[in-house]
There are 2 protein chains.
Amino acid sequence: MHLYDSNIPSGNVYKVQLLLAQLEVAYGTTTLDILAPVSETRRPPFVAKNPNGRVPLLELDDGRVLPESNAILFYLADGTQYLSDDRFERAQTLQWMFFEQYSHEPYIAVLKFFTYWGGLERLRDDELQRLRTRGQQALQVMEEQLRSGDFFVGGRYGIADIALFAYTQSAEAIGFDVGPRVKAWLERVRSTPRFVPIKRDPLGKGP
Amino acid sequence: MHLYDSNIPSGNVYKVQLLLAQLEVAYGTTTLDILAPVSETRRPPFVAKNPNGRVPLLELDDGRVLPESNAILFYLADGTQYLSDDRFERAQTLQWMFFEQYSHEPYIAVLKFFTYWGGLERLRDDELQRLRTRGQQALQVMEEQLRSGDFFVGGRYGIADIALFAYTQSAEAIGFDVGPRVKAWLERVRSTPRFVPIKRDPLGKGP
């Protein structure tokens with residue numbers, strides 16, 4: 001397998017790296033420059049593989065490609081301990097992954113990017129406030145859900161946790177209030193077998 | 001089964017209504033007022049069912065609840081003709097559903113809401129331009145994908161098409177350029193067995 005990554009640390013790519021490490025699957029990596037005047041993810045030949053121009057992209061040995069971090073997680077985890085066989089728990093796993101992409105990532109990941117890679121000073125007050133309010137709401141929903149179990153689905157660590165961990169791990173460092181249940185859950189994720197941390201970026205920016 | 005809907009037409013709720021109609025599943029509906037000073041989706045008792053405060057929400061006969069439109073589609077379609085049994089095609093279905101929620105809905109659905117329910121005049125030019133540019137990019141990615149088949153995954157109609165149809169059907173009416181392949185695909189979706197159109201809103205606004 002081959003994974004397309006970016007030259008600055010992406011939580012979305014990290015999700016796949018973490019699961020592949022925990023599954024002990026070997027793979028190659030191509031790193032694209034997303035800080036170039038025109039991001040390498042938006043230029044050929046990458047756009048021929050993913051017309052939506054984003055990483056991560058997983059390329060299988062037979063040449064088939066799969067974009068979208070959470071779709072990749074579902075594909076890789078199917079049949080393993082990281083994804084339940086139960087139909088309702090699989091739907092709940094997807095519920096939390098769609099929550100992550102719609103209600104969490106667009107606020108917390110975007111604010112993380114602006115904080116470490118520039119752009120925060122160009123945000124208007126109302127835009128910054130919107131990112132902070134909505135990101136905080138997402139963290140509150142997570143805090144509420146963790147009343148009912150140690151992990152997000154079925155009381156067991158799996159890909160819903162991986163998807164949510166990717167950017168939640170940075171939330172406190174960029175100024176969000178992270179509740180006690182979410183903090184304890186972050187530590188539980190870090191304690192799972194074969195856990196690997198997100199890579200440091202080459203410029204030493206960001207957590 | 002019971003479906004929680006909103007009093008103005010939601011493409012996200014419509015996805016579930018369309019699939020349930022095509023599956024010929026009977027269900028009850030509760031309609032929440034999202035134009036109230038505090039939306040009914042953000043007040044108890046609904047928040048007790050979905051802390052994220054959004055419709056659609058599916059309630060099973062045993063009381064279990066499932067939010068997130070695309071997770072509901074996956075749950076309902078599993079084992080039917082609307083979702084492939086093939087592992088890679090299932091991942092591709094998720095790929096297009098995550099694309100819909102991350103790269104399509106936040107622009108096209110949001111612009112649709114502002115257009116028909118107020119707010120367009122309060123958008124700054126750069127905000128409006130961002131919605132138009134990103135929505136148009138999503139439609140271009142769809143146009144590109146439809147070079148390779150009549151539907152989005154495996155050449156067969158399924159829940160990826162339902163998810164993408166929900167708001168794409170309104171794109172031209174709110175000013176987007178919709179390409180010939182996407183237009184032909186919209187017609188193919190409308191021609192599927194037991195297709196039902198999105199409901200008219202009570203005020204007669206919107207398509």
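Me: What average pLDDT does chain A have in this predicted model, and how is the value to be read?
Reply: Chain A of this predicted model averages a pLDDT of 95, and 97% of its residues score at least 70; since pLDDT expresses the predictor's confidence in each residue on a scale from 0 to 100, the average of 95 is to be read against that range. The model as a whole scores ipTM 0.97 and pTM 0.97.

Me: Why are α1(B) and α3(B) called roughly parallel?
Reply: Helix α1 (residues 11–23) and helix α3 (residues 69–77) of chain B pack at an angle of about 10°, with their axes 9 Å apart; angles under 35 degrees count as roughly parallel, and α1(B) and α3(B) are therefore given that description.

Me: Which residues make the contact of α1(B) with α3(B)?
Reply: On the α1(B) side the contact includes Val16(B), Leu19(B) and Leu23(B), and on the α3(B) side it includes Ile72(B), Leu73(B) and Leu76(B); the residues of this contact divide into eight nonpolar, two polar and one charged.

Me: What makes helix α6 of chain B mostly covered?
Reply: Ten of the ten residues of α6(B), which spans residues 159–168, are buried, the cut-off being 20 or more other C-beta atoms within 10 Å. Among the buried residues are Ile159(B), Asp161(B) and Phe165(B), and what covers the buried residues of α6(B) includes α1, α3, α4 (87–117), α5 (125–145) and α7 (180–190) of chain B.

Me: Which residues have the most contacts inside the largest nonpolar core?
Reply: That core has 102 residues, and those with the most contacts inside it include Leu19(A), Leu73(A) and Ile159(A), together with Leu19(B), Leu73(B) and Ile159(B). Ile159(A) touches, among others, Leu19(A), Leu73(A) and Phe74(A).

Definitions and conventions
Residues numbered from 1 in each chain as written. Chains lettered and ligands numbered in written order. Predicted model: local features only at pLDDT ≥ 70, side-chain atom pairs only at ≥ 80, totals over all residues. Core = buried A, V, L, I, M, F, W, Y, C linked by C-beta atoms within 7 Å. Buried ≥ 20, exposed ≤ 12 C-beta atoms within 10 Å, placed from the backbone. Contact = placed C-beta atoms within 7 Å. Axes fitted to C-alpha atoms, helices over the stretch in contact; angles between N-to-C directions. Helix = DSSP H or I, 4+ residues; strand = E, 2+ residues; numbered from the N terminus. Parallel < 35°, antiparallel > 145°, perpendicular 65-115°, else oblique. Nonpolar A, V, L, I, M, F, W, Y, C, P; charged D, E, K, R; others polar. Lists of a residue's contacts leave out its neighbours within four places in sequence.
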